[in-house]
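Please look over the sequence and the coordinates before reading on.

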Amino acid sequence: MFLFLVVAMVVVVAAVTLAVVGGGGSDSGGVLPDAAPDHLVDPLPATRPVGRADIEALRLPLALRGYRMSDVDEVLGRVGAELAERDARIAELEVALAGVQADAIGGLDLYKRTGEEPSS
């Protein structure tokens, strides 16, 4: 029984060693090439506002334990600034629209009875 366990352990160690060294018969004839470090290749456009297509096409690079914090912070900061700018513009337009609507309604005599002639 002990001899069987020793032989099984030697076989497992040999298989792991072959897999690590790269003797698995790969077509490239050797060890896998080193992967280039991931960096944010195509950041958000700086010359125009960020659009939906920009966000959908964005792919954040991976790091050892998830995403690269600096790249994520940069993207979130940019998107947050753009959203704040758009929210401010929307609020400005809503105020302008409310003013125009108030002027339009204020110009009408809502309490005038039907059939009465306007007084001059």
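## Salt-bridge network

A salt bridge here is a side-chain nitrogen of Lys or Arg within 4 Å of a carboxyl oxygen of Asp or Glu. By that criterion, R78, E82 and R86 are linked in a network of salt bridges. The model is predicted, and side-chain atom pairs count only at pLDDT 80 or more. Over the whole structure, the search finds 6 salt bridges.

## Overall layout

The protein chain contains 3 helices and 2 strands. Read from the N terminus, the order of elements is α-α-β-β-α.

Of the 120 residues in the protein chain, 8% are buried. Among contacts with a separation of 6 or more, 45% are between residues 24 or more positions apart.

## E82 and its surroundings

E82 belongs to helix α3, which spans residues 69–106. Its relative accessible area is 14%, so E82 is classed as buried, the cut-off being under 20%. When neighbours within four places in sequence are set aside, E82 is in contact with R48, P49 and V50.

One salt-bridge partner of E82 is R78, with an N to O distance of 3.0 Å between the side chains. Both residues lie in helix α3, 4 residues apart, which is about one turn of the helix. R78 is partly exposed at 22% relative accessibility, whereas E82 counts as buried at 14%.

## Other pairs within helices

Side chains of opposite charge can pair when their charged atoms come close. Which residue forms a salt bridge with E56? The partner is R52, and the closest N and O atoms are 2.8 Å apart. Because E56 and R52 are 4 residues apart in helix α2 (residues 52–57), about one helical turn separates them. E56 is partly exposed, with a relative accessible area of 47%, while R52 reaches 68% and counts as exposed.

Helix α3 also holds R89 and E92, 3 residues apart, or about one turn of the helix. The side chains of R89 and E92 meet in a salt bridge at 2.7 Å, N to O. R89 has a relative accessibility of 43% and counts as partly exposed.

Notes
Residues are numbered from 1 along each chain as its sequence is written. This is a predicted model: local features need pLDDT of at least 70, side-chain atom pairs count only at pLDDT 80 or more; totals for chains, interfaces and linings use all residues. Side-chain values use heavy atoms; hydrogens and water are left out. Buried means under 20% relative accessible area, exposed over 50%, partly exposed in between (1.4 Å probe, protein chains only). Contact means heavy atoms within 4.5 Å.
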